[in-house]
Amino acid sequence: MKRTKIKELLTTTPSGQQVTVQGWVRTFRNNQFVAINDGSTIQNIQAVVDFNNTPETLLKRITTGACVSITGELVPSPAKGQPVEVKVQKLEILGDSDAEKFPLQPKKHSLEFLREIAHLRARTNTFGAVMRVRHAMAFAVHKFFNERGFVYVHTPVITGSDAEGAGAMFRVTTLDANNPPRDEQGKVDHKQDFFGRETNLTVSGQLEGETYALALGDIYTFGPTFRAENSNTTRHLAEFWMIEPEMAFYDIQDNMQLAQDFLQYLVRYALEHCAEDLEFLNKRALEEEQTKPQEQRSELSLIDRLKFVSENDFQRLSYTEAIDILRSSTPNKKKKFQYLIDEWGADLQSEHERFLVEKHFKKPVILYNYPAAIKSFYMRQNEDGKTVAAMDVLFPGIGEIIGGSQREERYDRLLKRVQELGLPDKDLWWYLELRKFGSAPHSGFGLGFERLILFVTGMTNIRDVIPFPRFPGNAEF
C-alpha cells in the first residue's frame, strides 16, 4: 500500500480506513505507543502496537531513530492533542537504530551540539521547522518575482571579477598547489590554469545580472555566493544564498518600494503558510528570551515581529537625517554605544541600525543617500558630490537585511570611480561597455537569504538556518 504523509493523515477523518505510514521513531512507550515523524509536519502520529501479538524481537527493534513502515487502521485517538492514531496491523523495520549510540536522544540538545551532528539535526523539531520555513520562503521568492514578470537568470558561480571590490574571495584553480607554474617574473602563471586567468567563487551575481536587466527589463538571481572573510560571528557565513533583483528604468525610490513590497510579501507568506512551524518557533524563541538578562530581551515575540514588519510602512530617511538622530540620541550621549557617532561619514553598525528601528521609529527603516566613501564603486553618484543613491533596509532584531542602490549608468562617472578606487578596469571592460551601448537608469538590491530565514524563524545564529554551514575552520559534512 502506498504511504500517506503524516501531515495528510492528521487532517483525515478516520473511518476505519487502512493506511500506511512510514517515518522515524521519536519515542516508543510502554511497549505499545510509537510516535512517528516523517518530516512533512512538526507533529508526530501515534501508532498503537498490539504488544501481546508482536514478537519480542521486533518490539526491541522499535528504538528512537529507527525507520519504520506501519500499516494499520486509522482511528480516532482518545489521547489529548492528537485527532487520530494508527492501530497497527503490520510493522516493518526499514532501518535499525542502536539506541545506545544514537546521538539524538528524546531530550533537549544544545544548538552547538547539533551543529556537530549536522547530518542528523534535521530530525529534530527545531531544524525540521526551520527547513520547512526555508523551503516556503524560497518558493515565495520565485512566486513574488514571477507574478511581477521578472525573469530568473542564473549568473555564474565562477567569475573573474570582484563585484564588491572587497578582495575576500575564494580562488578557483587546477594548478598544482605545491608546484605551480611560474612566469618570467617568478609569479604564478595563471595563463596555464584551467581558464587561462585568475578566477574566484562569486561574491555576487549583481554585475552579470545588470547585463540581463539592460536587455530583459526586470530580472532576478537566486543562488550561492561566497565570502572568504575570517568572520566568526552569528551573522556571517562563508557560503550563503543571495537574491538579487536588477531592474531597468528604476530609480532609487522605485528600488526602495520594491524592497518593501518584497519583504512584506515574504513575511505575509510565512505567516499564512507556515503557521504550525512558526507557532513552535515562537514558543522556542520565548523560552530562549527568558534566559537573557532583562535589558537584552526583545519587546516583541517572533510572531509579533513578523506582524510588525508586514503591517507597517517602512520609515524612509536619508543617512544624513539618521546621523543627526543618532548623534543626539541618549545612548550616544551617555556613551552606551560601542561605536560612538561623532561626525557625518561614519559607517553605521548594527547597534545604530537597531536603535533606529526598535527604539526611535519602532518600525522597519530604509536609509538612503550614503556617503560615497563607504559604498561600492557601481552606485550612482548624487549631484551633491559626496553621497551615492544607496539604500539599506533595516529590520528589528537583525539590523541590515537588504542592501542596494541605483546603479551608475553614466560611463564617464563610472570609469572615473573605478580608477579612483584602483580597481582593475581591464577585468571590468564589459561592465563599463554596457554604459556605451544604450545605457539606461537602473537599480537593484541584494537580500541574503539566510538573514531572511534568521528573521522569519527567530533563530539567533546564521549557522542554524542553512543545512550545512560553511565558516572559518569548518567545511564538515
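## The chain at a glance

Helices (H or I, at least four residues) and strands (E, at least two) are DSSP runs here, numbered from the N terminus. Counted that way, the protein chain has 14 helices and 16 strands. This is a predicted model, where local features need pLDDT of at least 70, side-chain atom pairs count only at pLDDT 80 or more, and totals for chains, interfaces and linings use all residues. Residues are numbered from 1 along each chain as its sequence is written, and side-chain values use heavy atoms, with hydrogens and water left out.

Along the principal axes, the C-alpha atoms fill a box of roughly 85 × 60 × 45 Å. Of the 477 residues in the chain, 51% are buried; buried means under 20% relative accessible area, exposed means over 50%, and partly exposed is in between (1.4 Å probe, protein chains only). Then there are the contacts, meaning heavy atoms within 4.5 Å. Take those between residues at least 6 apart in sequence, and 69% of them join residues at least 24 apart.

## The second largest pocket

A word on how pockets are found. On a 1 Å grid over the protein atoms alone, a pocket is an open set of points with protein on both sides within 12 Å along at least five of seven lines, unlike a cavity, where a 1.4 Å probe fits but cannot get out; lining residues have an atom within 4 Å of a point. Grid points are joined across faces, edges and corners, and the volume is the space filled by probe spheres set on the points. For the second largest pocket, that volume is about 1,100 Å³.

Its lining has 43 residues, and Lys107, Thr124, Asn125, Thr126 and Phe280 lie nearest the centre. Helix 4 gives the most, with 7 residues. Elements that supply at least two lining residues each include strand 1 (18–29), strand 2 (33–37), helix 3 (111–116), helix 4 (125–147) and helix 7 (275–290). By type, the lining splits into 14 nonpolar, 17 polar and 12 charged residues, where Ala, Val, Leu, Ile, Met, Phe, Trp, Tyr, Cys and Pro count as nonpolar, Asp, Glu, Lys and Arg as charged, and the others, Gly among them, as polar.

Helix 4 also holds Asn146. Asn146 is exposed because its relative accessible area is 60%.

## Helix 11 and its cover

Helix 11 (residues 350–361) is 12 residues long and runs 15 Å from its first C-alpha to its last, close to the 16 Å expected at 1.5 Å a residue. That expected span is 1.5 Å times one less than the number of residues. His352, Glu353, Phe355, Leu356 and Val357 are its buried residues. What covers them includes helix 8 (302–311), helix 9 (319–327) and helix 10 (330–333), along with strand 13 (365–371), strand 14 (387–395) and strand 15 (399–407). Just past the helix, Lys362 takes a positive phi of about 55°.

Pro331 is found in helix 10, and it counts as buried because its relative accessible area is 16%. Leaving out residues up to four places away in sequence, Pro331 touches Lys336, Phe337 and Phe355. The C-alpha atoms of Pro331 and Phe144 are 39 Å apart, with 187 residues separating them along the chain.

Ser69 lies in strand 4 (residues 67–76) and is buried, at 8% relative accessibility. Its side chain makes a polar contact of 3.0 Å with that of Gln22. For the record, a polar contact is a pair of N or O atoms within 3.5 Å; within protein, one must be able to donate a hydrogen and the other to accept it, and residues adjacent in sequence count only if both atoms are side-chain atoms. Beyond four places in sequence, Ser69 touches Thr20, Val21, Gln22, Lys90, Leu91, Glu92 and Leu94.

Pro83 is in the loop between strand 4 and strand 5 (84–95). Pro83 is partly exposed, with a relative accessible area of 45%. Its contacts, apart from neighbours within four places, are Leu10, Val75, Pro76 and Ser77.

Asn369, in strand 13, has a phi near 60°, positive in a residue other than glycine. Asn369 is partly exposed at 24%.

Phe477 lies in the segment after helix 14 (449–457), and its phi is near 75°, again a positive value in a residue other than glycine. At 39% relative accessibility, Phe477 is partly exposed.
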